[in-house]
Amino acid sequence: MAGGIKKFVVGCFDDEAVLFPAVKKVRRAGYKIHDVYTPFPVHGLDHAMGLRETSLHTAGFIYGITGTTTALSCIGWIFTKDWPLNIGGKPHFALPAWIPITFELTVLFAAVGMVLTFCYLCQLSPFIKKHHFHPRATDDLFVMAIECTDKTNDAEVQDFLQAAGAKEINVQHAETGWWLGRYDREQKLYRETEVGY
Amino acid sequence: MSHSFELPGSYKKWTMGLIGVGVIALLYGFIMYHPLENGGHGAATTSTRFWAVLLQNSVFWLLVVNASMFFIGVTTLAMGGWQVALRRVPEAISSVVPVLGGIALLILMAIVWGGRDDVYPWVNKELVDHDKILLGKKGFLNPVFYSIFSVITIFLWWILGKKLRSLSLESDNAGHMDYETGDRWIKKNILYASLFIVVFGLSVGSTAPWLWIMSIDAHWYSTMFSWYTFASSFVSGMSLIALYIVFLKNRGQLEFVTEEHIHDIGKFMFAFSVFWTYLWFSQYMLIWYANLPEETGYYKIRVFGPYRGIFFLNLILNFVCPLLILMKKSVKRNYTMLTFMAVLIIFGHWIDFWQMVMPGTMKDKAHLMPFEFGIAALFIGIIMWRVGDYLSKHPLTAKNHPFLKESMIHHV
């Protein structure tokens, strides 16, 4: 468990319209948002939280071209060098016939690779118990977890969340990572000029 | 809200310039290529060249501008809201359909009734009577059916497109719509959009490309040809819409169109480039695999004949470039890159149509010279002239459309 135990102040919101300004206020005050857990995907929340763009699609592209290369080199070697067959009088290097397989392998590599990468980035895996900050985060609450350092005064953070409109506030200790170090979300510092919600 | 839009002088200059170049090319062709003389394969190909180039350009540009109305039709039927902020752009482009439709009809009728069997072999009665294959297709490939079908198709495109455009313009004066009025107005839109889509499916989706282009190679057929042509024209149509959106945004118009909308248009260009490739490849691979003599003739001249370079250029311009360049999100949101790609795609599909028409008509003597580009300039000029006219006469935002709010807050 590479991440270790950390302290979090957790605030629960029951309204999107309150959540967005609260996210802004928290970031402006300089607190570090660990994450916001929502029952459904909320448009623009990643932007409001100042999360950087995911690099999942770049990974997907690399997996895709790996699939393309694997398919072409594999079929190419088998049908021209290893075991040339006469299929309907076609040339051994029968590129058009290989395209469907190449396409399938590209898709397969990209899809499987991206799912696994996604699981790694989100620290998901079978038999790993993840800490739930609030069970209602899967139902009807927007749950914001603020990461505390040694210097954070958690009573102050609780008051701050109260003022920002949180319905339920508590302090929790939780494990933050489990594998090959932690995937820590990079966050941009808050700027007044930022566009968004 | 600024709704009056004055065309910049440079736009008018370009329009007049392109039309001027086009008219000169047309006159040059008319005088030098003797279009009224009988053509013949291998012999007097200059007159064939004149008609083949006109056929290629009129059909291509007509299908491209008509793709705009298809875009309006499908987004209406899908109850799409995101496109409302930019809807007047495809409307303006589709307003060119009657003009280009009329020109295309004129050219098609001249070719068919002028007995130009160098373009359409099946217009030669004597030839058909001694040709077993053409005899079997006589019920479909004959001047009367061809003419009736072409006239009805273009007429329906025009009249249904006009209805959808006028519905949109009517809403400008209707004031803010309450729920009932808005509901009724949307349903009216859905009615005409569905009629248009049915007509579009039966024409561009099937018969029109068979008659107008595929029948040049009258012995050959491919059931995939119409979809392939449709994909070609739709991706060019989306590129044309993208060009006009960028043009208007750069002049401070279309205030509600954001990067998000541009991104979606870019996605269309990307996705349908791939779709075009899918159809291109499916058509090619089935014929390559089956290797039947009556089918491979179409590709023999293209892949192993004088069209080899164009054949592969086609694939590079319309598949490799859009795939690799348009893949990134930031490119689809960048005006300069999107403009570049739109021009590239339109040019690529113009080349695609060129290689559909030329091998069957000009055989191995085809040209890609100033005359060909001059005629293209004529059609581009006409499109710019009519679209510019529409844009400067009508408000650029459908301000009372019930879905406008949805479009304004569009976020991907």
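**Close-up views of helix packing and the chain contact**

**View 1. Crossing of helices H10 and H12 in chain B of the predicted model.** The axes of H10(B), residues 259–290, and H12(B), residues 308–325, come within 9 Å and cross at roughly 140°. The crossing of H10(B) past H12(B) is left-handed.

**View 2. Residues between H10(B) and H12(B).** From H10(B), the contact takes in B:Met269, B:Phe270, B:Ser273, B:Val274, B:Trp276 and B:Thr277. Facing them in H12(B) are B:Asn318, B:Phe319, B:Pro322 and B:Leu323. By class, the residues of this contact are 7 nonpolar and 3 polar, with no charged residue.

**View 3. Packing of helices H8 and H9 in chain B.** H8(B) covers residues 179–212 and H9(B) residues 225–250. Their axes lie 7 Å apart at an angle of about 105°. Angles of 65 to 115 degrees count as roughly perpendicular, so H8(B) and H9(B) are roughly perpendicular to each other.

**View 4. Residues between H8(B) and H9(B).** H8(B) contributes B:Val204, B:Gly205, B:Ser206, B:Pro209 and B:Trp210. H9(B) contributes B:Phe225, B:Ser226, B:Trp227, B:Thr229, B:Phe230 and B:Ser233. The contact of H8(B) with H9(B) divides into 6 nonpolar and 5 polar residues, and no charged residue takes part.

**View 5. Contact between chain A and chain B.** Here 5 residues of chain A are in contact with 6 residues of chain B. On the chain A side that touches chain B, 3 residues are nonpolar, 2 are polar and none is charged.

How values were computed: Residues are numbered from 1 along each chain as its sequence is written. Chains are lettered from A and ligands numbered from 1 in the order in which they are written. This is a predicted model: local features need pLDDT of at least 70, side-chain atom pairs count only at pLDDT 80 or more; totals for chains, interfaces and linings use all residues. Axes are lines fitted to C-alpha atoms, for helices over the stretch in contact, and angles run from 0 to 180 degrees between N-to-C directions. Helices (H or I, at least four residues) and strands (E, at least two) are DSSP runs, numbered from the N terminus. A crossing is left-handed if the near helix is turned anticlockwise from the far one by less than a right angle, and right-handed if clockwise. Two residues are in contact if their C-beta atoms, placed from the backbone, lie within 7 Å. Ala, Val, Leu, Ile, Met, Phe, Trp, Tyr, Cys and Pro count as nonpolar, Asp, Glu, Lys and Arg as charged, and the others, Gly among them, as polar. Angles under 35 degrees count as roughly parallel, over 145 as roughly antiparallel, 65 to 115 as roughly perpendicular and the rest as oblique.
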